[in-house]
Structures are given as structure tokens and as C-alpha cells.
Amino acid sequence: MINVTRENETVATGGSPAKLLSLFATPVAKIPCPFGTEINGDLAAAVLSRSAADIKDLSFKSETVGNLTDWGDPEVDRLTSWVLRTARTFVENLRGEPLHRAVGAPAASDVRLAANRSWASIYRGGDHHAAHFHPNTAIAAVYYVASAGPCDLELADPRANVEFFDPGISFANEGRTVRIGSSPGTLLLMPGWMKHSVPPYEGADVRISIAWNLAYSFSANVALQPAGD
Ligand SMILES: [Fe+2]
């Protein structure tokens, strides 16, 4: 089944029949965690207290090894549960239907969101992360734990082929980068294919964020159709 949304023709009742369509909007959610201030101090301490073997230096930032959800840390688990619930609500609000209905399953328990990968990133002065996306990910989730400076994330124009030709005049924000500023306690949700980057961190302290790669997990009741059929 080819996924096509039809833009219906409307019958003009007078005046100009012309209309302007704004198409292919990308949903990105910015959500304050209701218990963020309760957990951020402990979360930051838990990340920074990991041994050197648990943190890899990538030269442009440091990152925890393995999955945060394997730590058995109650604050990490509480936050992850909230992120999963919030991401489900995010998708259901956008679709206007429960998640299981989207795949024709009979019960809400037939579809759940799962954290396939989770890790903490540590940025010190000058650290950054070049443009990238999260493969095999339905929803990329980023939560800011600690920072005295700005928690900036830059989103690149995701429309295919915009970078291949510059006509000199833009009429659709082609190639525009959007910088989202957040503070500790904020969660960002976006499609996994959304290309994003982290500009150099200028703070004198440490900036810590946590990321989860979320994907759908289906019960045996769900018979997914191969893409393109
Ligand atoms: Fe990322």
C-alpha cells in the first residue's frame, strides 16, 4: 500500500479559487518534565560518577557506554517511563487515534513504544556534535539534565534534495536551520530521520543530556504490511 494523502479540490463559490498549501510540516515537541527538578541533580551525579570505562571520549563530546536503561537506576527508570508515555501521547495526538488503531490491532497493549538505545552525552567547553540522524528510530527523544549555559539543538531542513541547488532566492525556507533553545528539565521529541546537530557548548561547566532511540514493538496480533505493498 502506497501511503498517499489526497489534497482535495474544493469548489470555488466566488472570488479567486487560488489557495496556498503548506505541506510536509514536521512535528517536534518540546515538553517540560513535571518532576525534572526532583531528579536532575541525582541524574547528573549518576552520569558523572560512572567510571572511565563506562564513558567513551568521542573527541567532540563524551558518551556513556551501553544502555542507560540497564543501569537499574530508579531516576533513569522513572524518567524513561515518562518519556515512553509522553512519546505515545505525542504520536496519538498527531494521528488523532490510539496507537493500536494505526495498525488495526484490537488492544492498546498490542503496540508499545520501546527504548532500543539510551545514553547520556557530556559536553564540556567547545564540545559539539555534527549533523546526524538516528537510524532505525521512530522517535528520537532528548532530555536535558544539566547545564548552566544554553541547551541548543539545531534542526536541518529535512526535505529531500534541498541542498542540491541554490536558485539564489528562497520562497520556502529551503536549507534553513532552526535552533531550538531548551533548559534542563526539557524533553524534545522528533522523528528519528530528523537531521540535527549540537553547536559548540560555550559554558564553563558540564552540559549533560540523555537520548533514547524509540521504536514501536508489536504483539503477534499485528500483521504489518511490507512498505510499498
Ligand atoms: Fe542526535
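## Helix packing

Helix 1, covering residues 36–48, packs with helix 2, covering residues 74–95, at an angle of about 120°, and their axes are 9 Å apart. The model described here is predicted. In the crossing, helix 1 passes helix 2 with left-handed sense.

On the helix 1 side, the contact is made by Ile 39, Asp 42, Leu 43 and Ala 46. Helix 2 contributes Glu 75, Val 76, Arg 78 and Leu 79. By class, the residues of this contact between helix 1 and helix 2 comprise five nonpolar and three charged, with no polar ones.

Four strands form an open sheet in the order 5-10-7-8, and their pairing is antiparallel. Strand 5 (129–132) and strand 8 (178–182) are the edge strands, each of which pairs on one side only. On average, neighbouring strands of this sheet are turned by 20° against each other, with direction ignored.

## Strands 7 and 10

Strand 7 spans residues 151–155 and strand 10 spans residues 196–198; the two run antiparallel and are joined by two bridges. Opposite Ser 197 in strand 10 stands Glu 154.

Definitions and conventions
Residues numbered from 1 in each chain as written. Predicted model: local features only at pLDDT ≥ 70, side-chain atom pairs only at ≥ 80, totals over all residues. Axes fitted to C-alpha atoms, helices over the stretch in contact; angles between N-to-C directions. Left-handed = near helix turned anticlockwise from the far one by under 90°. Contact = placed C-beta atoms within 7 Å. Nonpolar A, V, L, I, M, F, W, Y, C, P; charged D, E, K, R; others polar. Pairing = 2+ DSSP bridges.
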